[in-house]
Amino acid sequence: MKAYGAEFVGTFWLVLGGCGSAVLAAAFPGVGIGLLGVSLAFGLTVLTMAYALGHISGAHLNPAVSVGMWVAGRLPTAQLLPYIAAQVMGGIAGAGVLYLVASGKAGFDVSAGFASNGFGEHSPGGYSLLAAALIETVLTAGFLFVILGATSTGAPQNFAPLAIGLALTLIHLISIPVTNTSVNPARSTAVALFVGDWAMSQLWLFWLAPLVGAAGGAFIHRALSTE
């Protein structure tokens, strides 16, 4: 149960910190953190929780990561669905706190996006469904490849959280203009529930593509790994 609690807390932190940076700080007049700041914020949430919770649950904080770990043989089948459930619930709790904070400002409109992921007219840069599916699949595969490699027995010790956090930062730098960056179904679900409407109707992609990508990344790592 401690592992599931850790996944709840860690994913809460990821959504509050990452999506919070986008909703509250990205465009703040004069000193907004912009795309670079949001990218760094997502990376920092994973880096900090990997150090804080990695020894308890592995700090997956993401259903796609859990699926990738399962494919790689590092997560027992019996723990897969409980991990995912804890992550989704933690993400929703984080989005709930963010909603309460954001709605404290006059003129707040959740329908404006609330850091939701989208494609087509709801892509920040107007990218198509195909482009969104491709970038989410490939980047999640790369993310899993980094995670599995950085946490392998032959990797430098104690540096895995740094590599993983920087990888997530890089992923956001690449793909925020395309999909607002998911690579994490729990993060996508959490904010989409508050937006409803188009965010919920497009949510399927931000489950399918990351899960397929994660499985692919895990298979590639297993093929190349010497473990």
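**Entry 1**

I started with Tyr99, which is partly exposed because its relative accessible area of 30% falls between the 20% and 50% cut-offs. A reminder to myself: this is a predicted model. Next I looked up Phe114, which counts as buried, since its relative accessibility of 6% is under 20%.

I then searched the whole structure for aromatic pairs and found seven. Tyr99 and Phe114 form one of them: their ring centres lie 6.2 Å apart and their planes meet at 85 degrees, so I noted the pair as edge-to-face. Tyr99 sits in helix 4 (residues 77-102), while Phe114 belongs to the loop between helix 4 and helix 5 (129-150).

Which residues do ring pairs link into a cluster with Tyr99? I wrote down Phe108, Phe114 and Phe194.

**Entry 2: the cavity**

The largest cavity holds about 30 Å³. Its lining is made by Asn117, Ser188, Ala192, Ala199, Gln202, Leu203 and Phe206. I sorted these lining residues by class and got four nonpolar, three polar and no charged.

**Entry 3: the largest pocket**

Now for the open spaces. The largest pocket has a volume of about 690 Å³. I listed 33 lining residues for this pocket, and the closest to its centre are Ala22, Val23, Leu24, Ala26 and Ala27. Helix 1 (2-25), helix 2 (34-57), helix 4 and helix 6 (160-179) are the elements that give two or more residues to this lining.

Which element gives the most to the lining of the largest pocket? I found that helix 1 does, with five residues. Sorted by class, the lining of the largest pocket comes to 22 nonpolar, eight polar and three charged residues.

**Entry 4: the second largest pocket**

My last stop was the second largest pocket, where I noted about 400 Å³ of space. It is lined by 28 residues, and Gly58, Ala59, His60, Ile147 and Ile164 are the closest to its centre. At least two lining residues come from each of helix 2, helix 3 (63-71), helix 5 and helix 6. By class, I counted 17 nonpolar, nine polar and two charged residues in the lining of the second largest pocket.

Terms used: Residues numbered from 1 in each chain as written. Predicted model: local features only at pLDDT ≥ 70, side-chain atom pairs only at ≥ 80, totals over all residues. Heavy atoms only, no water. 1 Å grid on protein atoms, 1.4 Å probe; cavity = no way out; pocket = protein on both sides within 12 Å on 5 of 7 lines; lining within 4 Å. Points joined across faces, edges and corners; volume = space filled by probe spheres on them. Nonpolar A, V, L, I, M, F, W, Y, C, P; charged D, E, K, R; others polar. Phe/Tyr/Trp six-rings, centres within 6.5 Å; stacked < 30°, edge-to-face > 60°. Helix = DSSP H or I, 4+ residues; strand = E, 2+ residues; numbered from the N terminus. Buried < 20%, exposed > 50% of the residue type's maximum accessible area, 1.4 Å probe, protein only.
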